[in-house]
Amino acid sequence: MYNLILTTNILRILREKKITKAELAEKTGISISFITELTNDKANPSLRVIEAIAKALDTPLPLLFDNSDMSTAERALLADGSAGHLAKGFVWKGAVLSEFQAFQVAQWDRENREIIRKLK
């Protein structure tokens, strides 16, 4: 489960920052073949590798394990990139929030998921 979360977040951040796997490999000093295996959920990275990836992506290491409340199907769609992402005008962002902010975001999330469901 944690590998899928890690893989999904790495792929999402690569897309968001418009960084290729080859560029990530170069920035981290990790072979492109290992990066490819990792992003295909076929490798078990060490903590040093994960730290190097977080640094190269300029992302706090804990955010690579942010699992939010997405379902397994939603994470899988984001991981393989075939979902076309979300409906036009919608984005997914992970964030550190206060409890009150998290409550507000959870309400918005429910409303937006209902809108997206109706668009399908």
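Figure 1. Overview of the predicted chain. Of the contacts in the chain with a separation of 6 or more, 60% join residues 24 or more positions apart; a contact means heavy atoms within 4.5 Å. This is a predicted model, in which local features need pLDDT of at least 70, side-chain atom pairs count only at pLDDT 80 or more, and totals for chains, interfaces and linings use all residues. Residues are numbered from 1 along each chain as its sequence is written, and side-chain values use heavy atoms, with hydrogens and water left out. Helices (H or I, at least four residues) and strands (E, at least two) are DSSP runs, numbered from the N terminus. The accessible surface comes to about 8100 Å², and 57% of that belongs to carbon and sulfur atoms. Accessible areas come from the Shrake-Rupley method with a 1.4 Å probe; for residues, only the protein chains shown count as cover. Of the 120 residues in the chain, 28% are buried. The largest nonpolar core. A nonpolar core is a set of buried Ala, Val, Leu, Ile, Met, Phe, Trp, Tyr and Cys residues joined through side-chain atoms within 4.5 Å. In soluble globular proteins, nonpolar side chains tend to be buried together. The largest core here has 19 residues, of which I10, L14, L24, I53, L57 and L64 touch the most other members. Helices α1, α2, α3 (32-39) and α4 each supply at least two residues of this core. Leaving aside neighbours within four places in sequence, L57 is in contact with I13, L14, K17, I19, L24 and L64.

Figure 2. Which residues of helix α2 (residues 21-28) are buried? They are L24, A25 and T28. Seen down the axis of α2, these buried residues fall within an arc of 100°, so they line one face of the helix. The arc is that of the directions from the helix axis to the C-beta atoms. On the other side of α2, E26 and K27 are exposed. After α2 comes G29, whose phi is positive, near 80°.

**Figure 3. The surroundings of A25.** A25 lies in helix α2 and counts as buried because its relative accessibility is 7%. Not counting residues up to four places away in sequence, A25 touches I30, S31, I32 and I35. A25 and T36 are eleven residues apart along the chain, and their C-alpha atoms are separated by 9.3 Å.

Figure 4. The structure holds two salt bridges. A salt bridge is a side-chain nitrogen of Lys or Arg within 4 Å of a carboxyl oxygen of Asp or Glu. In this view the side chains of R12 and E16 meet at 3.1 Å, N to O. Both residues lie in helix α1 (residues 2-17), four residues apart, about one turn of the helix. R12 counts as buried because its relative accessibility is 11%, whereas E16, with a relative accessible area of 37%, is partly exposed.

Figure 5. The side chains of K118 and E114 meet in a salt bridge, with 3.9 Å from N to O. K118 and E114 both lie in helix α6, four residues apart, about one turn of the helix. K118 counts as exposed because its relative accessibility is 61%. E114 has a relative accessible area of 32% and is therefore partly exposed.

**Figure 6. A nonpolar patch on the surface.** L97, V105 and W108 form this patch, and together they have about 280 Å² of accessible area. Patches are made of residues with over 30% relative accessible area and no salt bridge; like charges are joined within 9 Å, and nonpolar side chains (Val, Leu, Ile, Met, Phe, Trp, Tyr) within 5 Å. V105 is found in helix α6 (residues 99-119). At 35% relative accessibility, V105 is partly exposed.

Figure 7. Most residues other than glycine have a negative phi, and most peptide bonds are trans. K18 has a positive phi, near 55°, and is not a glycine. K18 is found in the loop between α1 and α2, and its relative accessible area of 72% makes it exposed. For D58, also a residue other than glycine, phi is positive and near 55°. Where is D58 found? D58 is in the loop between α4 (47-56) and α5 (72-80). D58 counts as exposed, at 65% relative accessibility.

Key: Buried means under 20% relative accessible area, exposed over 50%, partly exposed in between (1.4 Å probe, protein chains only).
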